[in-house]
Amino acid sequence: MLAKHEGRELEFEGLDAIDAKTAQIVAGFRGEVLMLDGLTALTPDSAKALACYKGALLLNGVATLDVETATSLAAFNGYVLALCGVKKLDAHSAKALAGISSTKDCCMLALGVTELDEAAAKSLANVRVSNLILDGLTKIDPPVALALARFRGAAIHLNGLSSLD
């Protein structure tokens with residue numbers, strides 16, 4: 001199986017769906033980057049299997065994240081979890097994602113959210129990663145900014161902000 005590939009990256013950008021059994025096999029890849037950006041949705045079981053991957057897990061095609069799937073992804077203990085296709089994140093899913101507790105020195109959570117309410121921001125501020133990347137935000141309200149300021153990681157990336165009001 002391709003998961004036995006000994007290279008640095010394994011990319012499946014054309015894959016638009018994955019079942020839990022296949023996800024478990026693919027998550028056994030020992031390289032640094034597993035790119036599944038073609039996936040547009042994840043089931044909780046597939047997410048749970050993929051969360052076992054120990055490198056950079058790129059799921060940038062996933063557009064929505066329900067609570068069950070976010071809870072499954074919270075078991076992630078790799079270096080990068082990229083969900084840049086997720087444009088909206090409700091407070092319940094954000095709270096579930098905040099369960100990520102990576103033991104890696106440099107773990108990043110990247111979300112593509114374009115808006116964030118205060119409750120979701122408070123939850124994301126509790127995620128235990130070193131870098132929280134929210135580059136899809138172009139503006140944030142003061143309560144959201146205050147909530148994000150409580151993030152205890154090394155860096156918050158807000159490169160999409162066009163102004164600070």
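Visitor: What pattern does the protein follow when read along the sequence?

Guide: In this predicted model, the order along the sequence is β-α-β-α-β-α-β-α-β-α-β-α-β. The secondary structure amounts to six helices and seven strands.

Visitor: Why does the radius of gyration of the protein agree with that of a compact globule?

Guide: For 165 residues, a compact globule would have a radius of gyration near 15 Å, and the protein has 15 Å, so the two agree. The C-alpha trace spans about 50 × 30 × 25 Å along its principal axes.

Visitor: What share of the contacts with a separation of 6 or more comes from residues 24 or more positions apart?

Guide: Such residues account for 55% of those contacts.

Visitor: Why is serine 72 called buried?

Guide: Buried means under 20% relative accessible area. Serine 72 has 13%, and it is therefore buried. Serine 72 is found in helix H3. Beyond its neighbours within four places in sequence, serine 72 is in contact with Pro44, Ala47, Lys48 and Ala51. In the protein as a whole, 47% of the 165 residues count as buried.

Visitor: Why is lysine 139 called exposed?

Guide: The term exposed requires a relative accessible area over 50%. Lysine 139 has 62%, and it is therefore exposed. Lysine 139 is placed in the loop between strand E6 (131-133) and helix H6 (142-148). Its C-alpha atom is separated by 23 Å from that of valine 62, 77 residues apart along the chain.

Visitor: Which residues touch the most other members of the largest nonpolar core?

Guide: They are Leu59 and Leu116, in a core of 52 residues. Among the elements that give two or more residues to this core are helix H1 (20-26), helix H2 (44-50), strand E4 (80-83) and strand E5 (108-111). Another core, of eight residues, lies apart from it and includes Val33, Met35, Ala56 and Val80.

Visitor: With which residues is leucine 116 in contact, leaving aside its neighbours within four places in sequence?

Guide: Leucine 116 is in contact with Ala121, Leu124, Leu134, Leu137, Val144 and Leu148.

Visitor: How many positive and negative side chains does the protein have, and how far apart do the centres of the two sets lie?

Guide: There are 15 positive and 19 negative side chains, and the centres of the two sets lie 8 Å apart.

Methods: Residues are numbered from 1 along each chain as its sequence is written. This is a predicted model: local features need pLDDT of at least 70, side-chain atom pairs count only at pLDDT 80 or more; totals for chains, interfaces and linings use all residues. Side-chain values use heavy atoms; hydrogens and water are left out. Helices (H or I, at least four residues) and strands (E, at least two) are DSSP runs, numbered from the N terminus. The radius of gyration is taken over C-alpha atoms; the globule rule is 2.2 Å times the number of residues to the power 0.38. Buried means under 20% relative accessible area, exposed over 50%, partly exposed in between (1.4 Å probe, protein chains only). Contact means heavy atoms within 4.5 Å. Lys and Arg count as positive and Asp and Glu as negative; His and the chain ends are not counted. The place of a charge is taken as NZ of Lys, CZ of Arg, CG of Asp or CD of Glu. A nonpolar core is a set of buried Ala, Val, Leu, Ile, Met, Phe, Trp, Tyr and Cys residues joined through side-chain atoms within 4.5 Å.
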